[in-house]
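Open the model in your viewer and get the selection tool ready. We will go stop by stop.

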Amino acid sequence: MQPRQLLPNLTFLDLYPPTADAAREVLSSLSAATPHLDPKYFYDEQGSALFDAITRTPEYYPTRTETRLLREHARTMARTLDTELTIVEPGAGGCEKARILLDQWQPRGYMPLEISRECLLDATRQLAPQYPQVQFQAVCADYSQALTVPTGHQELPRLVFFPGSTIGNFEPVARRTFLANLRQLAGDDGFLLIGADLHKSPERLHQAYNDSAGHTAAFNLNILAHLNRRLDCGFDLDAFEHQAFYNEDQQRVEMHLQCHRDQHVRIAGESLTLSAGTRVHTENSYKFSVEDFSRELVTAGFQPLSCWLDDEALFSVHLARAA
Ligand code: AVI
């Protein structure tokens, strides 16, 4: 597959996984002893818009706090890096946070990887003309699997940018593997700039994942709406209810969809029944301490350089280099 030139400084490469693979994956995870769905299915055009709405609620502190940290410390970060580079951002969404780095760092290249094609194209078509000195290479991909990315500005060191505490959406074992993949992606002279949400009171976490405007509930339910649109499964959304709570033992917020009526759906050509009372686990969002997270970076082959926290110690941003 060859990249398409969309604008003088924007190419687009489509590595989106085939629908048949998605259908088999969804069938297998919903048929498991604990029915679950991979959180990547939250993110179609509507899911990305709903996530955006979540980030603007008064209860959801991570985005606002991390954005402030990036704005406040971007110059210091640039001084620490002290090199020209290409920014690679797995799961870039609408590329909002990258804008802060594009403004303050003037990198040579920016490569966002994003599963939602519409969201990626809209964002990069808007951004590229505003930063004509930056080469944009947009890649539509399931970044949890496709971490080998096209070459481009390879002579320059890469900084892998992974904000938002999306790292918290990985299970501990998968997280270890994924951080090691990020180390590969960064290369031997590369860097990592990553956000990690911190431990805090269960009440604060409960509010953040049960916002009063109902955007998180709509986001959670959209996973089924997305599967209906993409795979024609036939879920009745009214039969499901959003649940989110802090699991103290696991130190994570869990999201589920509780099914109140029997659901007969069709996926990958097969029938599947979810009976009333079934709970579909849709997301885990692990929370960290700075010390534990720094240790995980070291295990993955990074050398932590700096870490920034807000005054309330809600959120952390870590800068590390390949060790
Ligand atoms: C993308 N991710 C880091 C968010 C989180 O907080 O785990 C997704 C989210 N789920 C519910 N609200 C936000």
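In which sense do β2 and strand β5 pair, and over how many bridges? Select residues 135-140 for β5, then look at β2 beside this strand: the two pair in the parallel sense over 5 bridges. Two strands count as paired if DSSP finds at least two bridges between them. Helices (H or I, at least four residues) and strands (E, at least two) are DSSP runs, numbered from the N terminus.

Before moving on, note that this is a predicted model, where local features need pLDDT of at least 70, side-chain atom pairs count only at pLDDT 80 or more, and totals for chains, interfaces and linings use all residues. Residues are numbered from 1 along each chain as its sequence is written, and side-chain values use heavy atoms, with hydrogens and water left out.

**Stop 1: the strands**

Stay with β2 and β5. Click threonine 11, then find glutamine 137 in β5, its bridge partner. Now select residues 4-7. This is strand β1, which pairs with β2 in the antiparallel sense over 3 bridges. A hairpin of 2 residues joins β1 to β2. Click arginine 4 and look across: phenylalanine 12 in β2 stands opposite.

Is β2 mostly covered or mostly open? Select residues 10-14. The strand is mostly covered, with 4 of its 5 residues buried. Buried means under 20% relative accessible area, exposed means over 50%, and partly exposed lies in between (1.4 Å probe, protein chains only). In a regular strand the side chains alternate between the two faces of the sheet.

**Stop 2: the ligand**

Turn on distances. Tyrosine 60 has a side-chain N or O atom 2.5 Å from an oxygen atom of the ligand. For asparagine 169, the side-chain N or O atom is 2.9 Å from a ligand oxygen. For tyrosine 209, a polar side-chain atom lies 2.6 Å from an oxygen atom of the ligand. The protein covers 97% of the 340 Å² of accessible area that the ligand has on its own. Such areas come from the Shrake-Rupley method with a 1.4 Å probe.

**Stop 3: the salt bridges**

Side chains of opposite charge can pair when their charged atoms come close. A search of the whole structure finds 17 salt bridges. Each is a side-chain nitrogen of Lys or Arg within 4 Å of a carboxyl oxygen of Asp or Glu.

Select aspartate 52 and arginine 56. Their side chains meet in a salt bridge, 2.7 Å from N to O. Aspartate 52 is partly exposed at 24% relative accessibility, while arginine 56 is exposed at 61%.

Go to aspartate 188 and arginine 183, which meet at 3.0 Å, N to O. Aspartate 188 is exposed at 66%, but arginine 183 is buried at 13%.

Now pick arginine 252 and glutamate 254. Their closest N and O atoms are 2.9 Å apart. Arginine 252 is buried at 11%, and glutamate 254 is buried at 5%.

Finish by selecting Glu25, Lys40 and Asp142. A network of salt bridges links these residues.

How values were computed. Polar contact = N/O pair within 3.5 Å; in protein donor to acceptor, adjacent residues only side chain to side chain.
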